[in-house]
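Please look over the sequence and the structure shown here before reading the notes that follow. They are grouped by topic, so that each part can be compared with the picture in turn.

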Amino acid sequence: MKRSPLRDLVVGVFVLVGLGAVAYLSLGVGGLSLRGPGGFLLYADFDELGGLKPKAQIVISGVKVGQVDSITLDESYRARVLLDIQPGLKLPVDTSASIMTAGLLGDRYVSLQLGGESELLKSGDHITITESAVVLERLIGKLVYSGGGGEKGKSEQPEQGAP
Amino acid sequence: MTLVRDLGWAVIRFVADLGRLTVFGLRILRVALVPPVRVGRFVDELFKLGVLSLLVICVCGLAVGMVLGLQGYNTLVRFGAEQSLGAVVGLSLIRELGPVLTALLATGRAGSATTAEIGTMVATEQLDALRMMSVDPVDLVVTPRAAAMVCVMPLLSALFIVCGLFGGYAVGVGLMGVDPGAYMGSLRSSVDFHDDVLGSFLKALVFGVLVGLIATYRGYTATPTSAGVGSATTATVVVGSVSILIFDYFITALWGV
Amino acid sequence: MDGGAPGEAHVEFDRVRMAFGERVVFRSLTCRFPRAKISVILGGSGSGKSTVLRLIGGLVAPQAGRIVVDGDEVTGRSESGLYAVRRKLGMMFQGGALLDSLTVFDNVAFPLREHTAMREPEIADQVHATLAAVGLKDVDTLLPGQLSGGMVKRAALARAIIMRPVILLCDEPFSGLDPISVKLIERLLARVNDQLHATMLIVSHHIASTMRLADWVVLLLPDGAVAGRPEELRRSTDSRVAGFFNEEASDAAGAEAGA
C-alpha cells in the first residue's frame, strides 16, 4: 500500500486543525460554556427587559463580570433575571442592577453599580435595587404627552447608553 | 399528449432513482456499521477529500469574508451601524455561506473526483474483479469515501468560516477602520451557539451525507464507457449542488423554529 | 451435440437463457466443461462468450436455466451465497482489471490479505513465487498503469491463481498482444493447467492459440452450442461449424498477411 506515516500525520493535523476551528466557533464566537453556571448566582427583578436576552453581558464599570443565565416570570409577573457572576467578587447588598444599551442598535446588557453597605451579597440572594430598560417608544410617548417644555418632560430617566 | 406522458415518465424515473439512491445509502450504512472497518482506506480518503481541498476552501473562505466585510461595511455605514460589521460577517458566514459554499466547492472538487474514480473502476471491470474475489465493492471502495465525505464536511466548513471571519476582519478593521473591539464584540454577542453555530454544523453534516451519497452512487452506477463516466461526473456536480441548496432551505426553516 | 467430454463435468449449463433487455444472447444453452481440462469457448462477436464466464461467476443472472459450478448451483444465489462459490474461482479479466491505485505486489497479495490470516513475510514469499511463475520480476513497486499489455495480463493471471482456485476463468487472455506475447501467455496457461490441475475456461478470438491449448471446445452458435474435442470440430461436417472455422481462418490469414 502507498500508505505512508507522513500522510497519516498530515491527516491527523488536518483533523485537529478542523476540530480547533469547530471549537473556536463554538466556544470563542458562539459563547458555548462548557461549565454550567458558576458558583455565584444572583437574582434581579425588572419591570421591563427591553430585549435583554440570556447570555447578555453583566458589566461593572464597563468590565464584563458574567452573563445572564436565564430569564423567567415571577409571581407578580415581573421579569426575574438570573445573573451568573464571576465568583470571588465582593458586592454589597445595596448594589443596583440596570439594563443598558450598547450603542444605538446595540444589544442590552446589565450594568451593576456597587453600593456602600458592609454586608455582602451571597449566591442565591436578590439584588433589590433595579432599573428597568429604557424603551424608546415609551420615552417618545412621555415626551409627546408631557407637552410644553421638552427638557422637563424627558429628564426623568437618568442613565442611558450613549447613542 | 406526449408531453404529459414524457413528463410523467420523467417523474417516475426520478422517484425510482431516488429510491435506488436510498437503498444504496442504507447499504453503505450497513457496511459501515458492521466490522471490520477499513481504517486505512478511510484515512486515505480523508486525505484526498479533506487535506487536498484545504487550499481551495481557505482561499475561497478568505475571499468571501473579505467581500462580506466590504459589502457589509458599505451598507451598514449608511445607518451609522458599521461597528456591528462583525455581527453581519459572522452571522452570514456561520448560518449560510460557510456550510453552503463549502459544500458546493467540495461537490465540484472532491465529489466529481470521487465519481470519476469509481466510475472508471466500473468501466475497467475493477469492481467486477473485486466481486469475483469475494470482496464487496461497497465495502472496499464506496463506504470509505462516503464516510470520509461526511466527516470532512463540518471540518472544512468550520475552516471556511474562520478564514472568512479573518477576511472580514482584515477588510473591516484593517481597511475600513472599524474598531477591532467592536468587530469582535458584536461578533461574539450576536452569534449564539444553539441557534447559529449548531445549525451550521448540522447543515454541513447533512451536506456531507448528500454529497458523499450522490458522488459514490453516480460513480457506482455509471455506464462503463468514458462518456458514461463523464456524464456521471457532471450529474454529481449538478444534482449535488441543487440538492444542497434545496436542503439548505428546509434545514434553515426547520432549525430556526 | 455433446460428444464424450473427457472426464467428469466440473461446470454445467442446463438450458440457460440469457437476455439483456430485448437482446437475447442465448435461448437455451446446454453444455459442460470437463474437470481439470482446458476448455475453450469460441463464437462470433456478440455470441455471448464473455457472458458465459460472467454467468459462472454469478456477476449476471440468467432468465432461465441452471448453472452448476463444482457441485454448487450458482443460479438463484444471494450475493453472500455467491461469495462462497467465488472462493473456488479465479478470474483473469480482459483488461486485467488490476486495482489501479495499488502496486503490482499489493494487487497480487490482495486475495491473500483479504481472505487468509497469513503474515506479511509468508505473503511476500507466495506473491514473489507466483510472480516468478508467470515470468514477472522486479515489478513489485510498479503501478498497473506503468506496465505493458503483456505484463498486465501476467499480473492478472498471477492474482487469479494465487489462491489456488479449482476453476480458472480467462476472458480474452490474448487480446491486444503482439504474437510473441501471445505465445508466452499460451505457454503460461498450459503450464498453469499442468501444475495447478485447475479446470480452465478460456474465452478467445484467437483460433490458432486456443485450438493448440484446448482439450475441449465449446462453439457458441446462434441456435445453440456445438461442443467437442478440437480435432473433431475442425473436421466437422456441420456447415455452421465448418463455416465458422473457414471464416476465422481466412480472417487470420488476412491479418497475418497484412501484418
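In strand 8 of chain C, C:Met200 is the bridge partner of C:Ile38. The model in which this pair is found is a predicted one. Strand 3 (residues 38–43) and strand 8 (residues 199–203) of chain C run parallel and are joined by four bridges.

**The four-stranded sheet of chain C**

- Chain C also holds an open sheet of four strands in the order 2-1-4-5, and the pairing in this sheet is antiparallel.
- Strand 2 (23–34) and strand 5 (72–73) of chain C each have a single partner strand, so one side of each is left without a neighbour in the sheet, and these two strands stand at the edges.
- Strand 1 (residues 9–20) of chain C runs antiparallel to strand 2 of chain C, and eight bridges join the two.
- Within this part of the chain, C:Ala19 stands opposite C:Val24, a residue of strand 2 of chain C.
- Helix 1 (residues 49–56) of chain C packs on the sheet and touches strand 1, strand 2 and strand 4 (64–69) of chain C, while its direction makes about 115 degrees with that of strand 1.

**One residue of chain C: C:Val241**

- Is C:Val241 buried or exposed? C:Val241 counts as buried, because it has 20 C-beta neighbours inside 10 Å, and 20 or more such neighbours is the cut-off for that class.
- C:Val241 has its place in helix 9 (residues 239–258) of chain C.
- When neighbours within four places in sequence are left aside, C:Val241 is in contact with C:Leu219, C:Val226, C:Leu233 and C:Ser236.
- C:Val241 and C:Ser209 lie 32 residues apart in sequence, and from C-alpha to C-alpha they are 18 Å apart in space.

**The helices of chain B**

- Chain B has nine helices and zero strands, and, read along the sequence, its pattern is α-α-α-α-α-α-α-α-α.
- Taken along the principal axes, the box filled by the C-alpha atoms of chain B is roughly 70 × 55 × 35 Å.
- Of the 257 residues in chain B, 49% are buried.
- Among the contacts in chain B with a separation of 6 or more, 88% are between residues 24 or more positions apart.
- Helix 3 (residues 54–76) of chain B has 23 residues, which at 1.5 Å a residue should span 33 Å, and this agrees with the 32 Å between its end C-alpha atoms.
- The buried residues of helix 3 of chain B include B:Ile57, B:Gly61, B:Val64, B:Gly65 and B:Leu68.
- Included in what covers the buried residues of helix 3 of chain B are helix 4 (85–123) and helix 6 (137–175) of chain B.

**Strands and domains of chain A**

- Strand 2 (residues 57–60) and strand 6 (residues 108–113) of chain A pair in the parallel sense over three bridges, and A:Val59 stands opposite A:Ser111 in strand 6.
- Strand 5 (residues 96–101) of chain A pairs with strand 6 of chain A in the antiparallel sense over six bridges, and here A:Ser96 stands opposite A:Gln113 in strand 6.
- The domain assignment of chain A gives domain 1 (9–36) and domain 2 (40–135), and the centres of these two domains, taken over C-alpha atoms, are separated by 31 Å.

**Where the chains meet**

- Chain A has 24 residues in contact with 27 residues of chain B, and the side of chain A that touches chain B has, by class, 14 nonpolar, five polar and five charged residues.
- Chain B has ten residues in contact with 15 residues of chain C, and the side of chain B that touches chain C has, by class, four nonpolar, three polar and three charged residues.

Methods
Residues numbered from 1 in each chain as written. Chains lettered and ligands numbered in written order. Predicted model: local features only at pLDDT ≥ 70, side-chain atom pairs only at ≥ 80, totals over all residues. Pairing = 2+ DSSP bridges. Contact = placed C-beta atoms within 7 Å. Nonpolar A, V, L, I, M, F, W, Y, C, P; charged D, E, K, R; others polar. Axes fitted to C-alpha atoms, helices over the stretch in contact; angles between N-to-C directions. Expected span 1.5 Å × (residues − 1). Buried ≥ 20, exposed ≤ 12 C-beta atoms within 10 Å, placed from the backbone. Domains from an automatic or database assignment.
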